[in-house]
Amino acid sequence: MKEGAAMLSKKMVEMLNAQVNAEFYSAYLYLDMANYYKNEGLDGYYNWYKIQAQEERDHAMLFMDYIQQNGEAVVLEAIAKPDKEFKEFIDPLKAGAEHERIVTGLINDIYAVAYKENDFRTMQFLNWFVKEQAEEEDVADDNVKKFELFGSDSKGLYSLDAEMASRVYTAPSLTVG
């Protein structure tokens with residue numbers, strides 16, 4: 001235990017470590033989606049999901065840092081192979097939106113345990129992720145809506161792909177502590 005570090009419960013450490021794995025899985029899933037779009041010639045969507053994978057990797061690293069700063073060990077587990085099959089261009093978008101809802105549920109579950117345990121430090125740490133997940137869900141849902149509106153037309157798809165290509169990577173601005 002690091003001197004001066006707050007004590008995390010055994011259950012909290014297990015949940016935080018599980019979230020590290022979940023975030024790395026998210027990155028892996030989004031890389032799979034990026035590869036699908038690259039193979040289909042939609043380089044803008046490839047770019048968007050490649051950046052999304054980078055964000056998820058960063059989230060995993062933030063959880064790792066938090067665990068370590070609290071004097072606990074990070075336990076890395078095997079990352080499951082993504083199991084989605086994409087037949088249509090919209091499939092990864094819908095799968096991504098559903099996946100973000102699942103991740104939100106995981107974050108909320110950790111927050112609920114932190115609340116029950118009066119673990120205010122972890123609650124404070126998770127506040128950023130609660131806000132981030134709301135944004136992630138909104139963006140994922142918007143991507144689905146835009147595709148449903150414009151993606152069936154080749155000019156619309158071209159325009160959407162160009163929009164997705166304009167996304168640039170921005171590292172998260174969370175300070176862990």
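**Entry 1: the largest cavity.** I started with volume, and the largest cavity holds about 70 Å³ of space. I'm keeping in mind that this is a predicted model. My search of the whole structure turned up two cavities of 30 Å³ or more.

**Entry 2: who lines it?** I listed the residues around the largest cavity: Tyr-30, Trp-48, Tyr-49, Gln-52, Leu-93, Gly-96, Ala-97, Glu-100, Glu-136, Ala-140 and Asn-143. The elements that give two or more residues to this lining are α2 (43–69), α3 (91–116) and α4 (120–150). Which element gives the largest share of the lining? I found that α3 does, with four residues.

**Entry 3: what kind of lining?** I sorted the lining of the largest cavity by class and got six nonpolar, three polar and two charged residues.

**Entry 4: the second largest cavity.** I moved on to the second largest cavity, and its volume came out at about 40 Å³. Around it I noted Tyr-45, Leu-93, Asn-143, Lys-146, Phe-147, Leu-160, Glu-163 and Met-164. Here the elements giving two or more residues are α4 and α5 (154–165). How do the lining residues of this cavity divide by class? I get five nonpolar, one polar and two charged.

**Entry 5: cross-check.** I put my two lists side by side. Leu-93 and Asn-143 line the largest cavity, and Leu-93 and Asn-143 turn up in the lining of the second largest cavity too.

Key: Residues are numbered from 1 along each chain as its sequence is written. This is a predicted model: local features need pLDDT of at least 70, side-chain atom pairs count only at pLDDT 80 or more; totals for chains, interfaces and linings use all residues. Side-chain values use heavy atoms; hydrogens and water are left out. On a 1 Å grid over the protein atoms alone, a cavity is a set of points where a 1.4 Å probe fits but cannot get out, and a pocket is an open set with protein on both sides within 12 Å along at least five of seven lines; lining residues have an atom within 4 Å of a point. Grid points are joined across faces, edges and corners, and a volume is the space filled by probe spheres set on the points. Ala, Val, Leu, Ile, Met, Phe, Trp, Tyr, Cys and Pro count as nonpolar, Asp, Glu, Lys and Arg as charged, and the others, Gly among them, as polar.
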